[in-house]
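This report walks through selected parts of one protein chain. Please look over the sequence and the structure before reading on.

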Amino acid sequence: MNLHTPHCRTHQRSTNHQKMERQNQSSSLTCENLPSFLSSFVDTFVDFSVSGLFLPQQQQIPQQPLQTHYPSPNRLVAIGDLHGDLEKSKQAFRLAGLIDGSDRWCGGSTTVVQIGDVLDRGGEELKILYFLEKLKREAVKSGGQLITLNGNHEIMNIEGDFRYVTKKALEEFDVWAYWYDIGNKMKSLCHGLEIPKNPFHGIPPSFHRVPEEFSHSIRARIAALRPDGPISRRFLANNLTVLVVGDSVFVHGGLLEKHVDYGLQRINDEVRDWINGSMGQRAPEYCRGRNAVVWLRKFSDEFAKNCDCSLLEHVLATIPGAKRMIMGHTIQEIGINGACDNRAIRIDVGMSKGCINGLPEVLEIDRNSGLRVLTSNPMYQNKNQYAQTKEGLGLLIPEHGPKQVEVKA
């Protein structure tokens with residue numbers, strides 16, 4: 001066949017046209033067509049490099065309105081201040097049968113409240129934030145939920161108050177900054193993706209009275225935790241500051257009548273707006289000072305006689321259906337206990353090694369059996385007032401406060 005005939009030339013042009021179409025299709029398969037896939041891959045890579053965890057996949061949806069009031073669940077567990085101690089945090093969750101030996105959620109439909117103060121005093125703050133986020137996603141799939149609150153140390157760090165940060169924690173944020181920067185560089189290589197925001201923008205290179213060796217770590221912590229920072233927006237913005245579950249009010253420090261009058265939902269919404277960067281650098285007034293919702297100690301003094309029970313009674317009366325206020329913030333060396341006829345329940349046992357290295361304890365509220373304390377304290381092993389359950393828990397009814405149950409961590 002003569003290759004120069006009109007028929008062959010037409011066939012050749014058609015073949016070349018098909019090749020060009022395939023090349024154009026190939027060249028159009030850029031990052032611009034796969035932004036969510038690429039961003040998700042990079043974020044997963046960074047998350048694992050920082051925390052060692054693969055977070056369960058979650059559908060990307062716009063930020064939802066915060067929910068302040070929840071109905072009473074069949075089983076409610078409250079966990080106190082964690083302060084950067086990952087192992088003690090896991091022990092607390094295991095005490096309540098919420099995670100298995102592989103640290104996966106096994107709490108079924110249980111509702112869990114963590115009362116705040118994940119940050120400061122310990123060196124595994126980010127690892128705990130990732131751990132809690134993983135459990136939140138796993139719990140939802142099982143019909144349960146984990147609700148986290150802001151404590152005074154979350155507020156302090158978002159404001160840039162790092163008085164209680166440890167050297168190990170600074171190193172952890174150095175690691176985060178390294179991998180976060182790598183992730184941003186990976187995203188910036190892809191044409192069609194939005195250029196990542198520089199988290200260090202506006203942060204000075206050094207600080208007065210801060211040794212040069214810590215300057216980068218301080219910059220990384222500010223970048224991560226300041227309002228609209230990558231860590232604060234992702235892990236802290238959806239925390240509640242005040243929570244009502246059934247007849248129990250949860251708050252890190254305590255509530256006064258003026259806080260209730262201001263509006264619990266309003267407090268939650270405004271704190272989230274502040275963390276998201278839309279209300280300036282300083283926290284709302286009700287989060288600052290000795291009478292702030294995250295700082296108050298009027299109902300948490302270890303000596304019950306020093307608690308203002310009449311004031312507490314008055315505050316609870318302004319919240320429909322509320323029977324008790326459950327608080328952290330003030331370390332209870334004797335363990336979880338109740339004051340004011342159990343209308344004030346204090347659950348911060350100082351479990352972190354950065355506090356008093358207290359033995360983990362958690363509060364359980366069962367719809368049928370009421371309040372009890374799950375504890376790893378061995379002193380209850382030798383008591384005679386045991387009522388064995390099928391889980392082998394020892395039940396002790398102390399003179400004051402909720403029941404205590406011994407469970408080995």
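This is a predicted model: local features need pLDDT of at least 70, side-chain atom pairs count only at pLDDT 80 or more; totals for chains, interfaces and linings use all residues.

Is the crossing of helix 3 and helix 4 left-handed or right-handed? The crossing of these two helices is right-handed.

## Helix 3 and helix 4

The axes of helix 3 and helix 4 come within 10 Å and cross at roughly 25°. That angle makes helix 3 roughly parallel to helix 4, because angles under 35 degrees count as roughly parallel. On the helix 3 side, the contact is made by L86, S89, K90 and F93. On the helix 4 side, K127, I128, F131, L132 and L135 take part. Sorted by class, the residues of this contact are 6 nonpolar, 1 polar and 2 charged.

Helix 3 covers residues 86-95 and is mostly covered, with 8 of its 10 residues buried. The buried residues are L86, K88, S89, K90, Q91, A92, F93 and L95. Helix 4 (125-141) is among the elements that cover them. The cover also includes strand 2 (75-79), strand 3 (111-114), strand 4 (145-148), strand 10 (361-366) and strand 11 (370-375).

An α-helix has 3.6 residues a turn, so residues three or four places apart point the same way.

## Helix 6 and helix 7

At what angle do helix 6 and helix 7 pack? Helix 6 (residues 167-188) and helix 7 (residues 212-225) pack at an angle of about 70°, and their axes are 8 Å apart. That makes helix 6 roughly perpendicular to helix 7. The crossing of helix 6 past helix 7 is left-handed.

From helix 6, the residues in this contact are K167, A169, L170, F173, D174, W176 and A177. They meet F214, H216, S217, I218, A220, R221, A224 and L225 in helix 7. By class, the residues of the contact divide into 10 nonpolar, 2 polar and 3 charged.

## F162 in its loop

F162 is found in the loop between helix 5 (152-159) and helix 6. Is F162 buried or exposed? With a relative accessible area of 13%, F162 is buried, because buried means under 20% relative accessible area.

Leaving aside neighbours within four places in sequence, F162 is in contact with N157, I218, R221 and I222. F162 and L119 are 43 residues apart along the chain, and their C-alpha atoms are separated by 10.0 Å.

In what order do the strands of the open sheet lie? The sheet has 6 strands in the order 1-5-6-7-9-8, with mixed pairing. Its edge strands are strand 1 (69-70) and strand 8 (337-339), each of which pairs on one side only. Strand 1 and strand 5 pair in the parallel sense over 2 bridges, and Y70 stands opposite V245 in strand 5.

Strand 5 (residues 242-245) is covered on both faces. V242 and V244 lie on one side, L243 and V245 lie on the other, and all are buried. Strand 5 also pairs with strand 6, in the antiparallel sense over 4 bridges. In strand 6, S248 is the bridge partner of V245. The two strands form a hairpin with 2 residues between them, and G246 in the turn has a positive phi of about 60°.

Further across the sheet, strand 7 (residues 324-327) and strand 9 (residues 344-346) run parallel and are joined by 3 bridges. I326 stands opposite I345 in strand 9. Helix 11 (residues 309-317) lies across strand 6 (248-251), strand 7 and strand 9, and runs at about 110° to strand 7.

Most residues other than glycine have a negative phi. R121 has a positive phi of about 70° although it is not a glycine. R209 is also a residue other than glycine with a positive phi, near 70°.

Where are these two residues found? R121 is in the loop between strand 3 and helix 4, while R209 is in the loop between helix 6 and helix 7. R121, at 30% relative accessibility, counts as partly exposed. R209, at 77% relative accessibility, counts as exposed.

Conventions
Residues are numbered from 1 along each chain as its sequence is written. Side-chain values use heavy atoms; hydrogens and water are left out. Axes are lines fitted to C-alpha atoms, for helices over the stretch in contact, and angles run from 0 to 180 degrees between N-to-C directions. Angles under 35 degrees count as roughly parallel, over 145 as roughly antiparallel, 65 to 115 as roughly perpendicular and the rest as oblique. A crossing is left-handed if the near helix is turned anticlockwise from the far one by less than a right angle, and right-handed if clockwise. Contact means heavy atoms within 4.5 Å. Ala, Val, Leu, Ile, Met, Phe, Trp, Tyr, Cys and Pro count as nonpolar, Asp, Glu, Lys and Arg as charged, and the others, Gly among them, as polar. Buried means under 20% relative accessible area, exposed over 50%, partly exposed in between (1.4 Å probe, protein chains only). Two strands pair if DSSP finds at least two bridges between them.
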